[in-house]
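Let's look at a protein together, one question at a time. Keep the sequence and the 3D view open as you read.

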Amino acid sequence: MYMLVSGFFQPVSQLPDPVWRYPMHYIAFHSYAFGGFMQNQFADTDGWDCPCSAQPEGCGAPYTVEDPCVYSGQDILDYWVSGVGVLNKWVDVGIQWAMILIYRGIFYGLLMLKERMQQG
């Protein structure tokens, strides 16, 4: 379920706000993994071909062989990731580690509570 709100299947800006973006997108582990991947792959890059450039007729009238349709890495990031995606990739990794430690602590506490309840 969390993969649906991470931005992998649909850009984050197009997710419905009430439930899927707030809070589901921000508590999903995959959102930070996908955001970090996208930052690592596309930040500070240039020259990514538009999807239309692979078509036989090309991208249309405003673009020519001398002036092709290309995206910058920032254009791709602006489309696919927003919100958590604008974080630095190392911040995304740090958030993932924090989530791991917090979840482990919560489940350890629940396990200890369960054991105490069974003993008493």
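Q: Aspartate 92 is buried yet has no salt bridge; how far away is the nearest side chain of opposite charge?
A: Buried means under 20% relative accessible area, with exposed over 50% and partly exposed in between (1.4 Å probe, protein chains only). A salt bridge needs a side-chain nitrogen of Lys or Arg within 4 Å of a carboxyl oxygen of Asp or Glu, and in the count of charges Lys and Arg are positive, Asp and Glu negative, while His and the chain ends are left out. For aspartate 92, the nearest side chain of opposite charge is lysine 89, at 9.9 Å.

Q: What kind of model is this, and how are its residues numbered?
A: This is a predicted model, where local features need pLDDT of at least 70, side-chain atom pairs count only at pLDDT 80 or more, and totals for chains, interfaces and linings use all residues. Side-chain values use heavy atoms, without hydrogens and water, and residues are numbered along each chain as its sequence is written, from 1.

Q: Which residue has its backbone nitrogen 3.0 Å from a polar atom of the side chain of aspartate 92?
A: Aspartate 92 sits in helix H4, residues 89–119 (helices are DSSP runs of H or I with at least four residues, strands are runs of E with at least two, and both are numbered from the N terminus). The backbone nitrogen at 3.0 Å from its side chain belongs to glycine 36.

Q: Which two cysteines form a disulfide?
A: A disulfide is a covalent bond between the sulfur atoms of two cysteines. Here the cut-off is a pair of cysteine sulfur atoms within 2.5 Å, and the count comes to 1 disulfide. With sulfur atoms 1.9 Å apart, the pair is cysteine 50 and cysteine 69.

Q: How many residues apart in sequence are the parts that this pair ties together?
A: Both cysteine 50 and cysteine 69 are buried. They lie in the loop between strand S1 (46–49) and strand S2 (70–72), so the parts they tie together are apart in sequence by 19 residues.

Q: Is aspartate 44 buried or exposed?
A: Aspartate 44 lies in the loop between helix H2 (29–42) and S1. Its phi is near 60°, a positive value in a residue other than glycine. Most residues other than glycine have a negative phi. With a relative accessible area of 83%, aspartate 44 is exposed.

Terms used: Polar contact = N/O pair within 3.5 Å; in protein donor to acceptor, adjacent residues only side chain to side chain.
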